[in-house]
Amino acid sequence: MALTPEDLAALRRQWRLSRAVAVPLSLFVAATARLRFWYRLPGDIGRIRAEIWEKLDRHDGPVIWAANHLTLIDSFLVYWAVFPMSRVLEDRRLPWSTPEYTNYYKLGGPLKSAFIRALLYACRCIPFLRGGEDAQSEAWRQKAFDKCVWILREGGSVFVYPEAGRSRSGWLEAKRPKDFLGKLALEVPSAKFLCVYLRAEGQLAATVRPPDGDRFRMVCDLIDGALPGETNPRQISRRLFDRLAELQLEWWKGSALSRNCGGNDVVDLKAPLLREHFTDDLADADCEWLERHLTAKELASLRARRPEDFFRAFWSFFCAKEAAHKALARAGLVVPHAAFREIEVDLFRRKAAHVSSGLQLDLRFTDEDQDKLHCVCVLRGGFIGDSESEGDVLWKVAEVPPGVSAGSFARELALDFVAESNDEIGRASALALSEEGGLPTVLWRGEPRDWSLSLSHSGRFAACSFMIS
Amino acid sequence: MAFMRKQAVVEAADLETLTPEETEKRITAGVKKYATHEANYAQADANTPYLGHIVGMGIESSNLADITMSIERQFLTKMTTKAPVAPGSADFKLTAGELGKLRILDGQDALAATPGLSVKMLMDLGHMPRNEAYLQNVMSFAYVMAVGDGWKMADALRKMTAKAEKLAGPERAEALANLRTLAAQAKDYDLVLADPAKLAAAKQKTFANDKAACDALNNELSVALDKIKGLSAGGDAAALAKLRTEEAEIRTRLKMSAAKLRVSQEVAEAAGRRRPVEDAKVDSVRKAMQEAVVQALKLS
């Protein structure tokens, strides 16, 4: 779909107007960030800006801005962090943005809505519609894409979030690239990607805006768009996502928070106490007891199962919740004991959601058989793995020898397993377990390791998991 | 459909006729079959945690709901009349009415980590009269958790020392490097336990996280309400219905978040107020940690 002369005239008009107000708008953005929300940029922002602008100055062509996405005001924040006031008159470098129409263009009453629309217009926004599979929505998306291509071909800059939405896990997952930016780069081969990973220190989940008063840290780089010979958008997007993932790792190296947040849980399906609240045929259970563990949605999903699957399905929910509980605790989100309904599990999509923060976690059931269930869960730090890729979580499930304490056995199992998984470690005696804040942590060479060790035992079984990312 | 709960039938007793000590005994007896650490269970008192194997009864997380349900089965209360928490609200609280089955609502048991705290929960919810003499010997949830972490640390250090003692050569050197770190961690934690203000500051971090989460949800709600306001004029019924669902979901999340915030606020406050019962428990875990540190440092 080609842009009409009217579309082009409108874009040129918007470009002229935004150029005229670039200085006051940049001041407004910086003042709001600093004085309204008390946000702070990193102490070395001058050095970071100098490095990235040196690269930008060496590239005369168009630029596609690609950043991680966690809040509704990320575009303003990234612009504030990257763009020094001294560069605001460099018109071609001022990025155009693609905000989601339903999130921004109909907010509040007529006055507020008009103000926001005017602000977005002056800030070079092209409304984008992510939802909807109908022809009209498709046409809207295509037109927005064409506008981005036109701007880039004119030598301008466009800001697009490669993940196509705020990350529900708080983690940019490189293994799930989206094609939009790859397509854009193929259309404009002279464009380069400005990769930015900006995040407030206290930002745990996707929110409207970062916590007030928080300090940001940023890592960024300018990389090639479409390389000679690259013809597949996925190939380009994969390269872009890989670079963003590297920047993400770099960001986390400077963070006081645990990067790797995973957990596991094992359930011995033959443990007698597990059957207590079930009917003798295990096809149903005490409603009150079920309701203490499951949300309404989970309960409906459980009730839709075949009677012979009922018992196993219930404990699958439970196992997933326990694994998610441990992954969340690692991120500093303590789910109170017995608050089972604070975590909602979707066994079909293999996802768990922390209801109050909205964080989504990935689940994977392993080593399942008639006797046991084992689930691993990842919030952030690595990929959980799928049929195509091994992922960044390693786990082991074993039977507890008779007469041995299950807890001690789980600990020994974990140390042996970690040691045998890494040639450099070699033997379990080189490792130790510490208990910090109630969470087990592996020590190696006297240093606590961010491997997100998780231990579990139930009846005859013990299990452990850790992350190698 | 009838469910055969496979436990001994107990006759439910009116909570107002029982002393706190009798209530505590019944609560402890009610969880016997879930306790996997028999020795700790046999010596259990008001301050023995249900969970954990070092000083706790060894109850597994899969039986957490059973603790609450066991308490519900054993007692009768006059707090049985459902009343909405606010006019028009679907959420309810229990107020005075006819004597009937005890109900512990979602989230009300969040701090009931020991039999003593379960009794306190029943008092706080108005199911039985408040008894300050009893409560002064019940450790707060904050200290149950803090002391439990101390026991875990001391246990890990002791085990590591014992293991390192048996090693020789480069293996011993590697183990000693880890041992020194463990000892340093235990020393640091000992200092935190020694000072209620430091412990309170540590717990304040969780409270700050929960507060930030609650604030973030309030922002989320106001954006959802703004979207509804913005769409109301347009008359897109389907989109409006979707936004109303989103609003309801955020309100549910906000309710959960607020409940959690109350818990972490209580924990942060309680951590800064140390009473004699907590002093005694803190002293004993600090002693265990210090002894473990001495043994570890002797070896290294």
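1. Let's start with helix 13 of chain A, whose buried residues pack against strand 11 (393–399), strand 12, strand 13 (439–444), strand 15 (454–458) and strand 16 (461–467) of chain A. Those buried residues are A:Ala406, A:Ala410, A:Arg411, A:Leu413, A:Ala414, A:Leu415 and A:Val418. Helices (H or I, at least four residues) and strands (E, at least two) are DSSP runs, numbered from the N terminus.

2. A word on the model: it is predicted, so local features need pLDDT of at least 70 and side-chain atom pairs count only at pLDDT 80 or more, while totals for chains, interfaces and linings use all residues. Residues are numbered from 1 along each chain as its sequence is written, and chains are lettered from A and ligands numbered from 1 in the order in which they are written.

3. Now the contact between the chains, which takes 49 residues from chain A and 54 residues from chain B. Two residues are in contact if their C-beta atoms, placed from the backbone, lie within 7 Å. On the chain A side, helix 10 (287–293), helix 12 (310–330) and strand 12 (431–436) each supply at least two residues. Strand 12 of chain A gives the most, with 5 residues.

4. Where is the largest nonpolar core? Its 138 residues include A:Ala320, A:Cys377, B:Leu157, B:Leu182 and B:Ala186, those with the most contacts inside it. Such a core is a set of buried Ala, Val, Leu, Ile, Met, Phe, Trp, Tyr and Cys residues joined through C-beta atoms within 7 Å. Helix 6 (residues 141–165) of chain B provides the largest share, 14 residues.

5. That helix 6 of chain B is mostly covered, with 18 of its 25 residues buried. Among the residues that B:Ala186 touches, not counting those up to four places away in sequence, are B:Met153, B:Ala154 and B:Leu157.

6. Finally, the domains of chain A, with bounds from an automatic or database domain assignment, are domain 1 (5–253) and domain 2 (261–467). Their centres, taken over C-alpha atoms, are 38 Å apart. In this chain, 9 residues of domain 1 are in contact with 11 residues of domain 2.

Note on methods:
A residue is buried if 20 or more other C-beta atoms lie within 10 Å of its own, exposed if 12 or fewer, and partly exposed in between; C-beta atoms are placed from the backbone.
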